[in-house]
Amino acid sequence: MRVSRGNALKVIGFAGYSGSGKTTLLERLIPELKQRGLRVSVVKHAHHNFDVDHPGKDSWRHRQAGAFEVVIASDRRLALMREFEVPTQLNVHQMIAELHDGVDWVLVEGFKFSDLHKIEVWRPSAGKPVQYPDDVFITAIATDAPQALPEATLRPVLDVNDPAAIAQWLLDNGHRFDYDPALHPAD
């Protein structure tokens with residue numbers, strides 16, 4: 001277990017419709033935060049049946065035999081696979097509760113209707129409406145066309161193509177994203 005830096009865990013969501021560039025932004029933002037010495041985890045909601053295992057591998061065979069959980073570890077990574085006996089929808093707080101406690105920032109992709117502070121990722125070229133006018137949890141908008149925003153806003157408007165500036169904005173406003181698990185029970 002890593003020694004805590006004494007800082008509160010920070011959690012920020014990234015909301016937007018499919019095709020808005022959330023994943024691309026996160027894959028560019030993660031190295032920016034890591035370069036600043038921060039440990040970053042990602043929570044992602046999957047809408048479809050997915051698998052991280054491969055047929056024929058030992059772990060896959062263990063799951064097929066009926067194991068409730070399979071933990072695989074090497075000197076480079078750890079993976080936990082849990083099979084739900086009945087279909088189960090985890091909320092974002094339950095997923096955050098599963099993370100290692102030595103993380104500085106959790107970036108949440110998806111869960112656009114959650115009660116987490118979020119940055120809306122919006123591009124007019126995606127042809128989807130904005131969410132910020134109706135979502136009080138959206139604290140900023142990341143876009144490539146601020147002039148095309150359909151409604152004026154007092155929220156910060158960030159350049160979706162400048163992950164270094166977004167990382168700096170997150171750090172400058174980090175106190176706003178402190179996560180208190182007591183306020184968000186995972187059960």
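Let me begin with a term: a residue is called buried when its relative accessible area is under 20%, and with that cut-off in hand we can turn to this structure, which is a predicted model. Trp 105, at a relative accessible area of 3%, is therefore buried, and Phe 177, at 1%, is buried as well.

These two residues bring me to the aromatic rings. A pair of aromatic rings is described by the distance of the centres and the angle of the planes. The model has two aromatic pairs. In one of them, Trp 105 and Phe 177 sit 6.1 Å apart, centre to centre, with 50° between their planes, and the pair is classed as tilted. Trp 105 belongs to strand β5, residues 105-109, while Phe 177 lies in the segment after α4, which spans 163-172, so this pair ties together parts of the chain that are 72 residues apart in sequence.

Phe 177 also pairs with Trp 169: here the ring centres are 5.8 Å apart and the planes meet at 55°, so this pair, too, is tilted. Trp 169 is buried, as is Phe 177. Taken together, the ring pairs join Trp 105, Trp 169 and Phe 177 into a cluster.

Finally, I would like to point out a backbone feature at another phenylalanine. Which residue has a positive phi although it is not a glycine? That residue is Phe 111, where phi is about 50°. Phe 111 is located in the loop that runs between β5 and β6, the latter being residues 118-122. With a relative accessible area of 15%, Phe 111 falls under the 20% cut-off and is therefore counted as buried.

Notes. Residues numbered from 1 in each chain as written. Predicted model: local features only at pLDDT ≥ 70, side-chain atom pairs only at ≥ 80, totals over all residues. Heavy atoms only, no water. Phe/Tyr/Trp six-rings, centres within 6.5 Å; stacked < 30°, edge-to-face > 60°. Helix = DSSP H or I, 4+ residues; strand = E, 2+ residues; numbered from the N terminus. Buried < 20%, exposed > 50% of the residue type's maximum accessible area, 1.4 Å probe, protein only.
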